[in-house]
Amino acid sequence: PYLGFFKDGGEVLDLGCGRGEALELLKKNGLAARGIDISDEMVARCQEKGLQVEKGDLIGALESTPEGSLGGIVSFHVIEHLPREVLERMIRLAWQALAPGGVLVLETPSPLSVVVGARNFWLDPTHLRPVHGESLRLSFELAGFDEVERIDRQPFEAAQRLPEISVAEMPEDLRGLADEINRLRDQLDGLLYGFQDYGMVGRKPS
C-alpha cells in the first residue's frame with residue numbers, strides 16, 4: 001500500500017531492512033533503494049540477493065546521509081524496539097535527509113487493538129513499548145511533515161473475531177434486540193480485534 005507514495009522517484013532508504021523484503025519490492029517496481037541493518041546475518045542475506053545493504057545503526061545512517069538527498073525513508077516494525085528519545089531523533093533526522101516532497105513511512109503494531117497491545121505485542125521480548133498512532137502523528141507534525149496519514153494494516157481473520165447474530169434467522173419480535181446486540185458486538189470487536197498494524201506516512205513539504 002505504500003508503493004504509490006514513491007512514484008516520483010528518488011532513492012529510498014530502508015532502516016532496519018531485515019531480510020530485505022521491502023527492498024526487493026521496491027527494486028521490482030523500478031525504485032532505487034538501499035538498506036541498513038545492525039545484524040550481520042541479515043546484511044549477509046540481503047547481499048546474497050544482490051541488494052544494496054550495509055551494516056549500521058539507523059541514527060548513524062541518517063546522520064551520514066546528505067541533507068535533502070532521499071526520495072523516501074521506510075522502516076517496518078522497528079520503532080517499537082526504540083526508546084522514545086531515539087524515535088524522536090530518528091523522525092527529525094529523516095526529515096533532514098529527505099528531499100522536498102520526500103516521504104517517511106513507519107509501520108508498527110497497533111495498540112488500538114487490545115489483543116495486540118495487551119497480549120500479542122509482548123510475545124517479542126525485544127519490544128520496548130507500543131507506539132500510539134496519535135502520538136506518532138504528533139511527532140511527524142512537530143518534525144515538519146505534512147499530509148500525515150495513518151494506514152491500517154493486517155486485519156484479524158474473520159474466524160478470530162467475535163461472531164455476529166444472524167438477524168434474519170431470529171423470530172421477528174427479537175430482531176430489534178438482535179440488531180442492538182450486533183451493534184454492541186461491532187464496538188467491542190473493533191476494540192479487541194482492530195487492525196494488527198498501522199503505517200504512519202508523512203510528506204516533507206515541497
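A disulfide is a pair of cysteine sulfur atoms within 2.5 Å. A search of the whole structure finds 0 disulfides. The model is predicted, so local features need pLDDT of at least 70 and side-chain atom pairs count only at pLDDT 80 or more, while totals for chains, interfaces and linings use all residues. Residues are numbered from 1 along each chain as its sequence is written, and side-chain values use heavy atoms, with hydrogens and water left out.

Cys17 is buried at 6% relative accessibility, where buried means under 20% relative accessible area, exposed over 50% and partly exposed in between, with a 1.4 Å probe and protein chains only. Cys46 is also buried, at 0%.

A nonpolar core is a set of buried Ala, Val, Leu, Ile, Met, Phe, Trp, Tyr and Cys residues joined through side-chain atoms within 4.5 Å. The largest one has 29 residues, and Ile73, Met90 and Leu136 have the most contacts inside it. Among the elements that each supply at least two residues are β1 (12-15), β4 (70-76), α4 (84-97) and α6 (133-143); helices (H or I, at least four residues) and strands (E, at least two) are DSSP runs, numbered from the N terminus. Helix α4 gives the most, with 6 residues. A second, separate core of 18 residues includes Cys17, Cys46, Leu51 and Val201.

Leu136 is in contact (heavy atoms within 4.5 Å) with Ile79, Leu87, Ile91, Leu106, Val131, Tyr198 and Met200, leaving aside neighbours within four places in sequence.

Strand β1 also holds Asp14. Asp14 is buried yet has no salt bridge, and Lys49, the nearest side chain of opposite charge, is 11 Å away. A salt bridge is a side-chain nitrogen of Lys or Arg within 4 Å of a carboxyl oxygen of Asp or Glu.

Rings of Phe, Tyr and Trp (its six-membered ring) pair if their centres lie within 6.5 Å; planes under 30 degrees apart count as stacked, over 60 as edge-to-face and the rest as tilted. The count comes to 4 aromatic pairs. One of them, Tyr2 with Phe76, is tilted, at 5.8 Å centre to centre and 45 degrees between the planes. Tyr2 lies in the segment before β1 and Phe76 in strand β4, so the pair ties together parts that are 74 residues apart in sequence. Phe121 and Trp122 form an edge-to-face pair, at 4.8 Å and 80 degrees. Phe121 is buried at 2%, whereas Trp122 is partly exposed at 44%.

Technical notes. Lys and Arg count as positive and Asp and Glu as negative; His and the chain ends are not counted.
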